[in-house]
Each structure stands twice: as structure tokens, then as C-alpha cells.
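Keep the viewer open and follow along.

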Amino acid sequence: MDYTLPPLGDPEEKYMLLAIEQAILSAQEGEVPVGAVVVKDGEVISTGRNRREKGKNALAHAELEAIDGACKTLGGWRLWQCELYVTLEPCPMCAGAIINSRLRRVIFGASDNKAGSCGSVVNLFDLPYNHRPELVAGFMGEECGRLLTQFFREMRKKRKEGKE
């Protein structure tokens, strides 16, 4: 598959583009293209990408990989000074990890009408948990959504060709 990145813009776009790069790596490995980046004080602390199929692990979500890497890099589980950029709206498991890791801010691209837990199906950040991260929804959503659409279009095409 040929994926192209949009041109670089403001600093926020730079971080989302890094998340998109991670998502492209997932797609190239046959995974659903989801990528994530944790940033602290303008510095990338960790990245993550979807690896569920390759790792045969339901926990191998981009957000969890990025959060795990940030905790290891920073030497603690509280990420209250960090932001998470992710190409797809977090699922309930990842939204829970975001709450529990105390991420300050979450910026996601494409909405997930089937499992999105930051506004699409439910917004777990609105519930009275002990932490409520700031949320930016739909940031570079068109670019992130296009990547997912292209991936699933290719998957359907391959399945159809395999049946013929």
C-alpha cells in the first residue's frame, strides 16, 4: 500500500504526523493502522502502534504501547505532564489506561463509531473518575480517517481477489 503524509504544519501537526507514521508501519505489517505518540514539554517521549495480530495479543493497542513506553522512559506511572496524540479515538480499554495514567491531554484524529470511548459511543472522560484529561477530538481527522479507509478498502479487495 502506498500511504502519503500531508505536509508538515504547526507543532501539533508534527506530533500527529508521527502518530500517522506509526499507523503506516502498522498497516505495512497487516495491522489496522493506529499510531500513538506521547509528548512531554514539546519532546516525544514514546511512540506506539497497533500490533494485535502480529503479537496475538488483545492488549497490543497503540495507546497502551505508547503509555507503557512513556512510563518506562519517565520512571513512573503518572503522566500528568504529558499529552497523547493518537490517530483513532481510544476504545474503552485505552480510555481507562489514559485515565489511570493521568495523561493531561488527549488529541485524537478519526472518530470510532463502533468502539470510541471519547465521545462516539460514550465519553469515559465525562464520568466522575478521579482524573479527567483534556480532550481534542477530530484533530487531522480527515488524514487519519483516510488512512483507515484506504487500509480497509485494500483488505476487502484482497479478500475478494482471494475468493475468485
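Which residue follows α3, and is its phi positive or negative? That residue is Gly75, with a positive phi near 75 degrees. Before going further, a word on the ground rules: this is a predicted model, where local features need pLDDT of at least 70 and side-chain atom pairs count only at pLDDT 80 or more, while totals for chains, interfaces and linings use all residues. Residues are numbered from 1 along each chain as its sequence is written, and side-chain values use heavy atoms, with hydrogens and water left out. Helices (H or I, at least four residues) and strands (E, at least two) are DSSP runs, numbered from the N terminus.

Now look at α3 itself. Its 13 residues reach 18 Å from the first C-alpha to the last, close to the 18 Å expected at 1.5 Å a residue (that expectation is 1.5 Å times one less than the number of residues). Quite a few of its residues are buried (under 20% relative accessible area, with exposed over 50% and partly exposed in between, using a 1.4 Å probe and protein chains only): Ala62, Glu63, Leu64, Ala66, Ile67, Gly69, Ala70 and Cys71. Their cover includes β1, β2, β3 and α4.

Slide over to α4, residues 92–101, where Cys94, Ala95, Ala97, Ile98, Ile99 and Ser101 are buried. These pack against α3, β3 and β4. Just past the end of α4, Arg102 also has a positive phi, about 65 degrees.

How do the two helices sit together? The axes of α3 and α4 come within 9 Å and cross at roughly 20 degrees; axes here are lines fitted to C-alpha atoms, for helices over the stretch in contact, with angles running from 0 to 180 degrees between N-to-C directions. At the contact (heavy atoms within 4.5 Å), Glu63, Leu64 and Ile67 of α3 meet Met93, Cys94, Ala97, Ile98 and Ser101 of α4.

Zoom in on Leu64, in α3. Beyond its neighbours within four places in sequence, Leu64 touches Leu59, Met93, Cys94 and Ala97. Then find His61, in the loop between α2 and α3. His61 is buried, with a relative accessible area of 14%. Setting aside neighbours within four places in sequence, its contacts are Arg49, Arg52, Cys91, Met93 and Cys94.
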